Amino acid sequence: MPLAAAAAVAACPSPVGLSRPSCRTYAHPRRRRGFRLEASSSASAPAPAAADEGAGAGPCPVVRFDMDDFAIADRVSVGLHGRSGEMIFEATVRDPSSELYGSTVVLRQLKSSQAKRRGRRALEVLKKLARRQMMYDSYALQVHGYIAPGNAAEQEDVPFVLVHGYHGSYSLHHWLQLSDWLPTLEATLALDEEQARRVGDDSVGGPAVTRQLRLIRILMRDLLIGVNYLHSHGLAHTELRLENVHVSPIDKHVKVGILGNASDFHDSDPSSSTVASNNERRKMMIAFDMRCVGFIMAKMVLRELLDPSTFFKFKSFLTKGNDPSCLREFLLPILCQNCPSGNIGLQMLDRQWGAGWNLLALLLATKPEKRISCLDALRHPFLCGPKWRINPSTSIIRWGLGSTAVRMTEDYIYGHHQRRRLAYFVELMEVLNPNLRTELLPGRWRLLYCTGRHIGLTLRQPSPRILISDVCLTVSSESVDPVFCVTSDIGFRIMPESNWPHDKSGTEGVLSATTSARITAGRVYIHEQEGKENRVASSRSSRRYLRGKWRKGSKMKELPASLASVNIAMDEVDISMSCKSTLNVNSAEKVLQEIRTQTPPEMFDLSKIVCGTYIDARLMVLRGVNGSALLFIRSNPRTDS
């Protein structure tokens with residue numbers, strides 16, 4: 001595919017030491033240009049495993065070309081990720097004695113010492129992976145050789161030219177920026193029924209969400225296979241990003257770019273070279289590559305992140321130590337800002353019980369040891385279609401229950417069947433994780449749902465008309481370990497009484513209740529009264545929870561009839577209310593009374609909370625003494641700078 005010229009032909013520079021670009025390709029049949037082969041020695045290549053034998057195994061020569069072996073195009077390539085110290089040209093091999101005769105290649109002219117180091121490193125990696133050359137050619141840009149005039153390759157003033165494969169002038173980053181990127185990539189990959197079976201999906205085409213999800217599954221699986229190929233050979237790519245990823249229209253594979261910055265797991269200080277240090281280095285480098293794969297996945301699914309300013313907010317959210325499992329809560333206002341009909345990327349990640357958000361959180365985990373590996377990612381439900389049977393782990397089931405509950409609470413709940421289903425999901429989450437770790441409590445939690453009370457204005461017609469917005473619980477740890485400072489913030493709006501069903505505007509305000517609380521272990525919170533009949537009923541309830549699809553998720557044969565409870569000792573509560581309009585004492589009392597009517601009493605009196613369940617980094621369930629459950633989601637502040 002031709003590219004827009006980076007400069008006019010007259011102003012376009014030619015590689016130093018190469019002939020001026022010619023407008024036509026020609027060959028001299030009587031003149032056989034010589035080139036030297038420098039085959040890798042057996043000492044430099046690692047000992048192959050049993051899986052490396054067979055097809056694809058064999059010598060991998062590094063060819064040293066002459067400068068006259070190419071007809072150089074009259075333009076500079078702009079889509080092959082050139083950096084400072086590099087210049088990239090497209091060229092055609094015109095030497096009839098070469099196996100590449102007539103094919104298009106890329107000449108990457110490396111001028112700076114750092115760029116030359118990357119070029120020579122790419123040749124070293126090629127020699128190391130020569131035992132499985134077919135695998136290398138499938139998932140990485142093919143390096144054919146180099147050009148170094150005379151014996152001056154080591155001189156600083158003479159450029160080093162790397163010759164590698166040409167797979168189109170666009171990187172994956174350029175593809176995603178096209179207006180018709182979806183049908184263009186589908187045509188490039190020639191997606192048909194056979195290709196659909198690669199991701200276990202029996203649907204071809206279909207709605208926009210299904211089409212994009214199918215394509216992203218193929219791209220992500222190809223990328224993970226290529227990265228796993230490097231990791232299994234003791235190498236880390238270290239430069240995985242969209243600008244370095246290419247899609248080949250020839251073999252329909254994703255190429256991870258030249259391996260000029262690939263790092264060996266065992267290239268450490270010889271003085272401290274031990275098994276423990278090598279293992280630690282290997283884990284850190286694999287974790288770094290997986291984090292880069294997570295950024296690639298995020299940009300492919302959420303195309304809003306292709307905007308540098310939006311991606312900066314996304315990355316700042318992670319670098320500030322926020323848990324990536326809370327990304328949905330953080331990105332939801334950004335993704336729904338200009339998408340009244342629904343964001344396609346958000347819908348893709350929400351499918352299969354929020355499996356996409358789970359995979360993204362595992363790829364971008366804050367602690368490197370918590371990040372998912374390539375093989376586990378390939379078996380993740382998000383990258384496996386409906387035809388593939390995946391046995392989900394307990395964490396995946398728990399994540400799916402929480403994601404479904406969050407999506408249900410995003411709708412305004414009226415139906416009794418929805419409220420009953422939400423209460424059932426909350427009980428299941430308590431069963432799968434019946435403990436609350438108090439060290440994870442600090443933070444800001446937003447109340448999503450309460451099983452005992454409908455939050456907000458109902459069919460009642462009180463005076464004044466109060467509309468509740470956000471109800472948040474902020475927990476901060478004080479100097480004394482078991483003591484927490486707890487603040488309940490309730491946002492509200494006083495609507496006009498005359499036209500309130502249609503006019504939701506009004507005066508905004510915030511009600512805050514602050515207190516210090518000491519959390520200690522308490523008595524057991526009993527679901528059932530003691531007695532033979534009640535124990536039989538409890539056993540029946542246990543079997544009801546543990547049968548069907550939840551049987552594999554929980555390893556317990558019998559559910560606990562009780563949950564560990566806590567005692568919360570509170571100091572005096574400091575209640576303050578601020579409003580943008582002036583209220584007299586009588587009006588303020590009515591507003592306060594209406595807010596307390598619409599809000600669960602546990603938000604004002606924490607001593608009524610008897611037990612809690614920490615579902616995961618996103619969700620927490622607090623259960624009151626009256627049996628009602630409050631479902632919270634961690635609310636992180638948006639990063640606007």
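Predicted model: local features only at pLDDT ≥ 70, side-chain atom pairs only at ≥ 80, totals over all residues.
# Notebook: helices, a loop and a close glycine pair

I started with helix H6: 20 of its 25 residues are buried, so H6 is largely enclosed by the rest of the structure. Buried here means under 20% relative accessible area, exposed over 50%, and partly exposed in between, with a 1.4 Å probe and protein chains only. Helices (H or I, at least four residues) and strands (E, at least two) are DSSP runs, numbered from the N terminus.

Residues are numbered from 1 along each chain as its sequence is written, and side-chain values use heavy atoms, with hydrogens and water left out.

**Entry 1: confidence and overall make-up.** I looked up pLDDT, the predictor's confidence in each residue, from 0 to 100. The protein averages 74, and 70% of the residues score at least 70. Strand S1 (residues 36–38) has the lowest confidence, with a mean of 37, while helix H11 (residues 374–378) has the highest, at 93. I also flagged residues 16–60, where pLDDT is below 50; beyond near neighbours in sequence, that stretch has 80 contacts in the model. Contact means heavy atoms within 4.5 Å. Residues 549–562 stay under 50 too, with 35 contacts beyond four places in sequence. Among contacts between residues at least 6 apart in sequence, 72% join residues at least 24 apart.

**Entry 2: back to H6.** I checked the length of H6, residues 208–232: from first C-alpha to last it reaches 36 Å, close to the 36 Å expected at 1.5 Å a residue. The expected span is 1.5 Å times one less than the number of residues. Just after H6, glycine 234 takes a positive phi of about 75 degrees.

**Entry 3: the S8–S9 loop.** Which residues does histidine 237 touch, not counting those up to four places away in sequence? I found Leu230, Asn244, Val256, Gly257, Ile258, Leu259, Asn261, Ala262 and Asp289. Histidine 237 lies in the loop between strand S8 (235–236) and strand S9 (246–247), and its 2% relative accessibility makes it buried. Threonine 238 is found in that loop as well; its relative accessible area is 24%, so I list threonine 238 as partly exposed. Threonine 238 has a positive phi of about 70 degrees although it is not a glycine.

**Entry 4: H10 against H12.** The axes of H10 (residues 344–363) and H12 (residues 394–409) come within 8 Å and cross at roughly 115 degrees. Axes are lines fitted to C-alpha atoms, for helices over the stretch in contact, with angles from 0 to 180 degrees between N-to-C directions. The contact residues include Asp350, Trp353 and Gly354 of H10 and Ile396, Trp399 and Gly400 of H12. Glycine 400 is buried, at 2% relative accessible area. Glycine 400 and glycine 354 are 46 residues apart in sequence and 6.0 Å apart in space, C-alpha to C-alpha. Glutamine 352 counts as partly exposed, at 37% relative accessibility.
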